[in-house]
Amino acid sequence: MNAPLPQDTAATAPLAFTGKARVALNDPRLRANFRRAMDGLMSKRAAQFADADEWRTLRARGAEARARALAKLPDLLERLERRCAENAITVHWAETTGQANAIVLDLLTAAGAKTVIKGKSMVSEEMHLNAHLAAHGITAIESDLGEYIIQLAGEAPSHIVMPCIHKNKAEIAALFAEHIPGQPYTENVDDLTGAARNALRGAFAAADAGISGVNFAVAETGTLVLIENEGNGRLSTTLPPLHIAVTGIEKVLEFLDDVPPLLSLLPRSATGQPITTYVNMISGPRRPGEKDGPQAVHLVLLDNGRSRVYDDPQLRDTLRCIRCAACLNHCPVYTRVGGHSYSFTYPGPIGKILSPQLEGLDCAGDQPHASSLCGACAEVCPVEIPIPDLLVRLRGEAISPTSRAVKGGGSARSLGDRLGRRLSTAILGQPRLYGLISRLAGRIGDRLPSWLPGLNRWTRVRSKPAFARRSLHALARERGYADE
């Protein structure tokens, strides 16, 4: 296989969302790719949840399981470690992505590994693991078809579930013809899939280790649950002699009985499938007498700011996420600009609340503003994350921090903001002054130029609003409402 070295997306300084979004909006091919894909995903999901009563019941069960697990997270993590140890799974704790990378590298180095086959893992993207391993002479090969395609392209995922959704058949065909030896250009889907399968088949057998993510880690039994459609996850975790699973600390569930409702919610919300093709329940390395499976299994639990998020009762709801990406598929902003406009690992509505909390508002402060607050994300979230409420909270934290839970709180506060808030407080606190300014605005507001400082923050992306000639209070008085 002629795959390029994995791209280190961390090495590229994030650009402002608005600049990238503007470029994306002027790319008709990108917009067409996303529009076609999102329309299909939305209709498939709607068909899966046609029974509103079943949706509400199932959603309540999923939300309760996630909320209960988070409420007991410290205890459940300790229980998970004990149960994993009983299953001969070694648990490692990493406070930062740097520590997590070092743990994985040490394990691979100790095993003498030079090539790694990987299943899909957003946490490994968060760690920029491929680039870290490449810098130390270890080649990581993505085995999920979408991840494999964007690895060939040297890109980062643009979607949590479907990483190469921004590409069409012609673009993928060109990539395969360029990077896979002997592969002719073809847009036949079966031929393209077969070419990827042939290129990866040898990599599974030759890999010194397998790396995967984790959908759910069950504290009750020490079980790692991994779902997928292609069988690559199963091969990555069973063929190589060493399996390393990486996951955020929030992926813990209390009981095995909590898994079924979430297994029903996740694929139906994500791709409109009733269930994924494969559900892997990993409970330890190969035991005596067994013919397959790794000889050693390690679990790396990554914090990377999640404990700080967990400390705030409202922001904690962010950690309920099961990475189904339904919020992305229904977001009017994401479906028009795509995932690469967000600059961070997690795009779309969940990324708008997660990235600022993990990276800091001083680094990702533009993310909460990349939303119309229409609420579509909250309506389809299978675990009831109140995303619009959290977006508003983070916007406020950027100006006036209320706690230390949000990294970089107050970073967007400026002299203009402070003066504006004091001025508005003074005006709104004086009814006579407010009435005078309202009448004045009604008379001259429409004649104000749209470029006027202060007003232009609105008019540079929207039409200038028409000012009402008469206030609501005046209209009410005319209709006989004496008490304002």
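Predicted model: local features only at pLDDT ≥ 70, side-chain atom pairs only at ≥ 80, totals over all residues.
Figure 1. The domain assignment places domain 1 at residues 51-304. Domain 2 covers residues 431-479.

**Figure 2. The open sheet.** Six strands make up an open sheet with parallel pairing. Their order is β1-β10-β7-β4-β2-β3. Which strands stand at the edges? They are β1 (89-94) and β3 (139-142). Each has a single partner strand, so one side of each lacks a neighbour in the sheet. On average, neighbouring strands are turned by 25 degrees against each other, direction ignored.

**Figure 3. Close-up of the β2 and β3 pairing.** Strand β2 (residues 115-118) pairs with β3 in the parallel sense. Four bridges connect the two strands. In one of the residue pairings, Val 116 has Ala 140 of β3 as its bridge partner.

**Figure 4. Helix α4 on the sheet.** Helix α4 (residues 73-86) lies across β1 and β10 (296-302). The helix runs at about 145 degrees to β1.

**Figure 5. Nonpolar cores.** The largest nonpolar core has 102 residues. Val 104, Leu 108, Leu 133, Ile 244, Leu 299 and Ile 385 have the most contacts inside this core. A second, separate core holds 20 residues, including Ile 141, Ile 150, Leu 175 and Ile 180.

**Figure 6. Surroundings of Ile 385.** What does Ile 385 touch, leaving aside residues up to four places away in sequence? Its contacts include Asp 317, Thr 318, Arg 320 and Cys 321. Ile 350, Ile 353, Ala 378 and Leu 390 are touched as well.

Figure 7. The whole structure contains 19 salt bridges. One joins the side chains of Glu 171 and Arg 29, at 3.6 Å from N to O. The partners are 142 residues apart. Glu 171 sits in helix α9 (residues 169-179), and Arg 29 in helix α2 (residues 28-48). Are these two residues buried or partly exposed? Glu 171 counts as buried because its relative accessibility is 19%, under the 20% cut-off. Arg 29 is partly exposed, with a relative accessible area of 49%.

**Figure 8. Salt bridges within helices.** In helix α3 (residues 52-71), Arg 56 and Asp 53 are three residues apart, so about one helical turn separates them. Their closest N and O atoms are 2.5 Å apart, in a salt bridge. Helix α19 (residues 387-399) holds another pair, Glu 397 and Arg 393. These side chains meet in a salt bridge at 2.7 Å, N to O. They are four residues apart, again about one helical turn. Glu 397 is buried at 1% relative accessibility. Arg 393 is also buried, at 15%. Elsewhere, salt bridges with shared partners join Glu 64, Arg 68, Lys 72, Glu 254 and Asp 258 into one network.

**Figure 9. Positive phi at two loop residues.** His 128 is not a glycine, yet has a positive phi of about 55 degrees. His 128 lies in the loop between α6 (122-127) and α7 (129-135). The residue is partly exposed, with a relative accessible area of 23%. Asn 304, not a glycine either, has a positive phi of about 50 degrees. Asn 304 lies in the loop between β10 and α13 (306-310). With a relative accessible area of 17%, Asn 304 is buried.

Key: Residues numbered from 1 in each chain as written. Heavy atoms only, no water. Domains from an automatic or database assignment. Core = buried A, V, L, I, M, F, W, Y, C linked by side-chain atoms within 4.5 Å. Buried < 20%, exposed > 50% of the residue type's maximum accessible area, 1.4 Å probe, protein only. Contact = heavy atoms within 4.5 Å. Salt bridge = Lys/Arg side-chain N within 4 Å of Asp/Glu carboxyl O. Pairing = 2+ DSSP bridges. Axes fitted to C-alpha atoms, helices over the stretch in contact; angles between N-to-C directions.
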